[in-house]
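Keep the sequence and the structure open while reading.

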Amino acid sequence: LGSMGSSIGAAMGIQLACPRRPVAAICGDGCFAMSATEIATAVEARIPIHVFVINDRRLGMVEMGNTAIYGRTPAYPIETLDVPKLAESLGARALVAEHAFDILRLPLQDFRDRRPVVIDVRIDRSVKMPKNGRFEALGNAAGRRLLVHGESSFGVEFDSMADFLTFGVAPAHMMYAFILKDYGGWGYPIA
């Protein structure tokens with residue numbers, strides 16, 4: 001959620017710098033379409049990152065920019081992008097979450113496999129990012145209030161998903177990866 005196209009490469013670099021820690025990237029489907037070939041490098045170099053692709057099947061930021069600048073919104077759909085097939089064709093493991101809570105049921109990788117995992121998180125395409133303060137909103141309480149009380153329902157959904165990933169999935173997955181993996185199938189439920 002910084003510069004478009006930077007998250008996958010950044011996650012790879014962080015994983016190389018911190019090989020014993022789980023690392024995840026979060027990007028949109030447009031970003032993934034632009035930089036998915038980084039996954040092939042991660043496969044070849046055995047860099048086990050997780051890439052969460054927030055997929056609304058459109059270039060939402062481009063649509064919003066056109067509206068803001070030109071006062072019209074041509075559609076920029078990317079319906080034909082099949083995130084799981086593209087990830088698998090590059091050698092990664094691919095998973096699909098039809099809803100945010102499906103992430104809990106996904107078999108996220110054990111880092112001994114050393115392959116990247118791409119998680120296609122499908123969201124409602126009618127949800128739009130708020131126009132104001134979207135980047136500042138990601139890191140502070142005032143911004144969080146802006147997202148929740150902003151111009152669309154995106155803030156509520158994004159805030160819930162970010163909290164779910166940050167405080168639910170990530171700690172449980174890290175606990176499993178570092179402490180509970182030796183318990184086999186019981187490790188994830190315990191985490």
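Which residues does Ala 36 touch, not counting residues up to four places away in sequence? Ala 36 touches Leu 86 and Leu 90; contact means heavy atoms within 4.5 Å. Ala 36 sits in the loop between H2 and H3. Helices (H or I, at least four residues) and strands (E, at least two) are DSSP runs, numbered from the N terminus. Ala 36 counts as buried because its relative accessibility is 4%. Buried means under 20% relative accessible area, exposed over 50%, and partly exposed in between (1.4 Å probe, protein chains only). Ala 36 and Val 118 are 82 residues apart in sequence. In space, their C-alpha atoms are 9.9 Å apart.

**Basis and confidence**

This is a predicted model: local features need pLDDT of at least 70, side-chain atom pairs count only at pLDDT 80 or more, and totals for chains, interfaces and linings use all residues. Residues are numbered from 1 along each chain as its sequence is written, and side-chain values use heavy atoms, with hydrogens and water left out.

pLDDT is the predictor's confidence in each residue, from 0 to 100. The protein chain has a mean pLDDT of 76. In that chain, 70% of the residues reach 70 or more. Confidence is highest in H5, at 96, and lowest in helix H6 (residues 141-148), at a mean of 43. Over residues 132-151 the pLDDT is below 50. Beyond near neighbours in sequence, this stretch has 27 contacts in the model.

**Nonpolar cores**

A nonpolar core is a set of buried Ala, Val, Leu, Ile, Met, Phe, Trp, Tyr and Cys residues joined through side-chain atoms within 4.5 Å. The largest one holds 21 residues. Ile 8, Phe 32, Ile 39, Ile 49, Val 51 and Val 118 touch the most other members. At least two residues of this core come from each of helix H1 (7-17), strand E1 (24-28), helix H2 (29-35), helix H3 (38-44), E2 and helix H5 (83-89). H1 gives the most, with three residues.

Take Ile 49. Leaving aside neighbours within four places in sequence, Ile 49 is in contact with Ile 8, Ala 11, Met 12, Gln 15, Val 23, Arg 115, Pro 116 and Val 117. A second, separate core has 11 residues, including Phe 52, Ala 97, Val 117 and Val 121.

**Charged pairs**

Side chains of opposite charge can pair when their charged atoms come close. A salt bridge is a side-chain nitrogen of Lys or Arg within 4 Å of a carboxyl oxygen of Asp or Glu. The whole structure has five salt bridges.

| Pair | Closest N and O atoms |
|---|---|
| Asp 56 and Arg 58 | 3.4 Å |
| Lys 85 and Asp 82 | 4.0 Å |
| Arg 122 and Glu 98 | 2.9 Å |

Where does Asp 56 lie? Asp 56 is in the loop between strand E2 (50-55) and helix H4 (60-70). Asp 56 counts as buried because its relative accessibility is 9%. Leaving aside neighbours within four places in sequence, Asp 56 is in contact with Asp 29, Ile 123, Asp 124 and Arg 125.

Lys 85 is exposed, with a relative accessible area of 58%. Asp 82 is partly exposed, at 31%.

The bridge between Arg 122 and Glu 98 links distant parts of the chain, 24 residues apart. Arg 122 is in strand E4 (residues 117-122). Glu 98 is in the loop between strand E3 (93-97) and E4. Arg 122 is partly exposed at 30% relative accessibility, and Glu 98 is partly exposed at 41%. Salt bridges that share partners join Glu 98, Asp 120 and Arg 122 into one network.

**Backbone points**

Arg 46 has a positive phi of about 55 degrees although it is not a glycine. Arg 46 lies in the loop between H3 and E2 and is partly exposed, at 46% relative accessibility. Arg 57 has a positive phi of about 60 degrees, and it is not a glycine either. Arg 57 lies in the loop between E2 and H4 and is partly exposed, at 27% relative accessibility.
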